[in-house]
Structure formats: C-alpha cells, structure tokens
Amino acid sequence: MVLLALHQQRIYRYLVRNEKVASRTYSRLSKSLARQAKDNVTAGRDLLSLVRPISGAAKFRVQPPKPADALLGHFRHAERRFGVEWEVLAAVMFVETKFGRVRSPSHTGAKGPMQFMPGTWDAYGMGGDVHDTRDALLAAANYLHASGAPRDYRRALYAYNHSQAYVNAVLLYARQIKQDIKNYYAYYNWQVFVVTTRGERRLTGP
C-alpha cells in the first residue's frame, strides 16, 4: 500500500505541474474519480503556489509517523473535546508535516507535528508539549475552535495560516477524507518531498 500510495502521489504531483495533461486525464475518468482527481490536483496547485524552492545543503529531520489508527484515535478525541471535525484536523496535519514525518521547524520558526509558532502555542497549547502528537492535535483543535470552527472553517483555517491557498487545500483534502475514509489512509502513506532549485527531492518512503 505504501508503494501504491507513492505512485498515486507522484501521478498527482505530475498533474499539478501539467495542466493540459490533467485536463485530458479528467475527461477519461468516471465522474467520481474525476472529482477526486480535480480536488487533489487543485489542492496540490494551491500548496505549490506557497512553496519557495530551497537552495544549498538544507537539512530536514524526518521520522516515521505514528500508526494511522493511533492518529485517528487522537483526531477523534480532539473532535469530541472541541467540536472540530477530525477530517479537518487530519488534513491540517497532512499539509503541515505529512502526519508528523517532518520534525524540523519551519523557516518561520513553527514547531511540532502541527507547526505552531511559539506565541500561538503559549496561548492554546494548554501547557502541553508542542512536539507531542496528542498535545499538538488538542492544541490545534483548541485554536481552530477559538478562531471560529466549526461554524466557519475558512475563518478558522485562515487564522491558522494566513493564506487562502492553504485554506482551500486543507478543505479539499478534508472533503476527500469525509467522502471515503480510505482517502485518509492513502494520504497517510504519501511521502515528504521538498522542492529545491535543482528539482524535487524525496525525503521519506520506500
């Protein structure tokens, strides 16, 4: 499954960069598969628009993620406590760190599996450890709830990351997870790629 998910991810990364090929691909798919492909490609393009290619010998710390079902338990616990849909929390973690694979701080200084800035963590982390998966997910749900979720997910996600492209991508991935939980397990097995001035580099996976 890990290898199949990597093939799927690579196909979508190609379609993100090749709009004409993507359009021809949609026309050859069933309606349901075409909708899924459009969501994934659109989300990928939104996120790619935020990427700044790195140069030089940048180093990233990565590690295997927590088991998918263990994460699912944490997502659902956070949903019960704060009323934020677990699929949205999963989509945020997927976008931020590929479910905790990335352990390095961001270029802006955000830390942990949910990528909190220090000031935001101080306000919403409830005394937990920013690097602990359960604590980070509860803090994310706390922050999103305080920012408007579940009443207004767009407003809440924009507070989390001040980018409409980011908001759009998270909601598209969340929609796919809601439509079929198998999409959660597929996304869970997508790997970490970085974009450099010399091309893409994969950091995790088979």
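Which residues in H7 meet which residues in H8? Ala 140, Tyr 143 and Leu 144 in H7 meet Ala 156, Leu 157, Ala 159 and Tyr 160 in H8, where contact means heavy atoms within 4.5 Å. The residues of this contact comprise 7 nonpolar, no polar and no charged.

This is a predicted model, in which local features need pLDDT of at least 70 and side-chain atom pairs count only at pLDDT 80 or more, while totals for chains, interfaces and linings use all residues. Residues are numbered from 1 along each chain as its sequence is written, and side-chain values use heavy atoms, with hydrogens and water left out.

Let me turn to the geometry. H7 (residues 133–146) and H8 (residues 153–160) pack at about 120°, their axes 8 Å apart; helices here are DSSP runs (H or I, at least four residues).

Now to the aromatic rings. The whole structure holds 19 aromatic pairs, that is, rings of Phe, Tyr and Trp (its six-membered ring) with centres within 6.5 Å; planes under 30 degrees apart count as stacked, over 60 as edge-to-face and the rest as tilted. Phe 99 and Tyr 184 have ring centres 5.7 Å apart and planes at 85°, so this pair is edge-to-face. Tyr 184 is buried, at 0% relative accessible area, and Phe 99 is buried at 1%; buried means under 20%, exposed over 50% and partly exposed in between (1.4 Å probe, protein chains only). The rings of Tyr 143 and Tyr 160, with centres 5.7 Å apart and planes at 35°, form a tilted pair. Both Tyr 143 and Tyr 160 are buried.

How values were computed: Axes fitted to C-alpha atoms, helices over the stretch in contact; angles between N-to-C directions. Helix = DSSP H or I, 4+ residues; strand = E, 2+ residues; numbered from the N terminus. Nonpolar A, V, L, I, M, F, W, Y, C, P; charged D, E, K, R; others polar.
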